[in-house]
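Visitor: I would like a close look at a single part of this model, the contact between its chains. Please set it against what can be said about each chain.

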Amino acid sequence: MNLDAVTTAIGQVGLTLIVIAALVVALEGLLYVLLIRVIKTRYAVPIMLVAPAALGLLILIGYPLLWELNVSFTKMSLRNFRDPGFLGLANDMFLGLDNYVEVFTKPVLKLTGFWQLFAQTVIWTSINIFFHVSLGMGLALLLHRKMRGKGIYRALIILPWAVPQVIALLIWRTEYNFEFGAVNQLLGLIGLGPYPWLSDPFWNFTAMVITNVWLGVPFMMVIILGGLQSIPYDYYEAAEIDGASSRQAFRRITLPLLRPVLTPAIILGTVWTFNNINVPYFINQNELETSDILVTALFRQAFQYNRYGDAAAFAFVVFAILLVFTVFYIRRTGSLKGAYE
Amino acid sequence: MSGSTVVPAPIPAAARTGKAASAGGREDKPLKRLAIHLILIVTAIIAAFPILRVFSVALRPGNRLLDSTFTLIPEGATLESFQHVIGDTELPRWLFNSMVVTTGTSTIGVIIAATSAYAFSRYKFPGRGVGLTTLLATQLIPAAMLLVPIYILAVQLKLANTYIGLVIALSVTSVPFSIWILKGYYDTVPIELEEAARIDGCSQLEAFYRILLPLSTPALAIVFLFNFLAAWNDFFLARILISKEELLTWPLGLQRFQQQFQTQWNDLAASSILISIPVVLLFLYSSKWLVSGVTAGGVKG
């Protein structure tokens, strides 16, 4: 690495920063004048403030979504790699809803079909969330007391969350190595294994789950610990005077008062786990199709098999599943109500 | 948020609200205390084990890479691997690239989010509810869904294989989350402060820049950190947008070490440590604030 490269890089990014800042200011100024002078709306200020973000999201999320929607009706793939134009009507690439029907009727990947992937994703998500919440809750309850070494325990247990995820995953992947990995060597010490963590479908899926539980517990623990700390101790004293057992206190005081923290954390955790592409991608390294969940199958379909039309339709199906779940859950739990006031 | 018990006003304070409660009252019986310590020690070992092992592997001399012992300081411990990855590999270059991209990304992300969040927090305007919902919905989009069109867009705009393309793509992806967090924070700052400033002759925007922004420094710092960590750890956007050797970010580079287990296990370990130490320290230092940021953004309106 030489000095030239460094200055070029800093120059490029610095220039981008300045250009973007200038564009933002210009856009806001232009909008302001336009809205105040010409259209005379009283919403001039908020519209102008939202405009840069809206524009950015439109270009980088809105446009790609429309592109995907368009492509999902065509037979675009590596063999048919042309600009499809509007729905591929002009150049004989139009398929109508065929891609959407095929998501459910034909194998999404080489062997694996939609329903198997869906089932695996549900299993993956529920096992992970179950362990994240239960272990996180258990550890939070243990740490929520006067004790020696509390800070040290907390710092150590939080480590899996703190280490950059790609690094943690590359390390785990290496440790799952059949001969040289620590997992089999440790299991060997207590007379178990060795297990084919990377080559057998069942063990590979288990390896993914173990890794993701290890990664996800600290987040839940810290969130729940924060929630516990906001519950006034007087409540427990009052309960004790009234003769409540500690189990009753947990069910009647702790759980209900934790709900405002727990519900959004669970929604967020579910969405993250469902959409988690890092863990399956790095632990499996795109080798076993059987270990795929919906989002990794999507990645494989688009980037390994290059079936862009199929992948686009599949992506909308996956997105729809998550959307339905989230809307349903948010409605039922009534969280986020305050956000719109 | 239903019931304001959880995330009270300013975020740093939220982390310390447990004055009365955090200690949890009376002492436990000795036997119970012992059991609790035992469980926590075992958990801490499980949590830290892979990381401690990386330290030990990084210290191994070249001829003992596949040693199957579990001592923390291996026989013949040496810092060769560290010297090797700093001196002979492209690691410094990858770290530099990541640093440039990440700093640019977080700066743009914070600027864009800070102003929009103000509009969402202080104004009622047509499309506000829809806008907030859309921001949430973007969080549900599977990452792989947008990669193909973003790549094609980048190629068309001649931004593939440039720092600029990666910076723009990354900064926009964190914007929705940042807006929610900042809006949640602004909502907790009494509007009376800005009203008072306006009576004294400030314009609406001056009130924002002079009153609200300085008061929101902790939240802005959190959002910056969020953007920073997200960009620092990004793998997939970089993978599709960057293929030139001299532009690789560290996750792309590191994957190359990992693909050759036998020869480079200690290189992987040593680089992992060098990459992680600053981030882990930053993270441990700020984790309290990070978390109240998550709940403030997700729970609080």
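Guide: What follows starts with the contact and then takes the chains in turn. This is a predicted model, in which local features need pLDDT of at least 70 and side-chain atom pairs count only at pLDDT 80 or more, while totals for chains, interfaces and linings use all residues. Residues are numbered from 1 along each chain as its sequence is written, and chains are lettered from A and ligands numbered from 1 in the order in which they are written.

Chain A brings 93 residues to the contact and chain B brings 98 residues; two residues are in contact if their C-beta atoms, placed from the backbone, lie within 7 Å. On the side of chain A that touches chain B, helix α2 (residues 44-71) of chain A supplies the largest share, 15 residues. Helices (H or I, at least four residues) and strands (E, at least two) are DSSP runs, numbered from the N terminus. Sorted by class, that side of chain A holds 68 nonpolar, 18 polar and seven charged residues. Here Ala, Val, Leu, Ile, Met, Phe, Trp, Tyr, Cys and Pro count as nonpolar, Asp, Glu, Lys and Arg as charged, and the others, Gly among them, as polar.

Chain A itself is divided into domain 1 (1-67) and domain 2 (114-306), with bounds from an automatic or database domain assignment. The centres of these two domains of chain A, taken over C-alpha atoms, are 38 Å apart. The mean pLDDT (the predictor's confidence in each residue, from 0 to 100) of chain A is 84, and 96% of its residues reach 70 or more.

Chain B has 14 helices and zero strands. Its assignment gives domain 1 (29-78) and domain 2 (87-298). Between them, six residues of domain 1 of chain B are in contact with six residues of domain 2 of chain B, and the domain 1 side has five nonpolar, no polar and one charged residues.

Of the 301 residues in chain B, 46% are buried, a residue being buried if 20 or more other C-beta atoms lie within 10 Å of its own, exposed if 12 or fewer, and partly exposed in between, with C-beta atoms placed from the backbone. Helix α4 (residues 91-122) of chain B is mostly covered, with 26 of its 32 residues buried. In chain B, 76% of the contacts with a separation of 6 or more join residues 24 or more positions apart.
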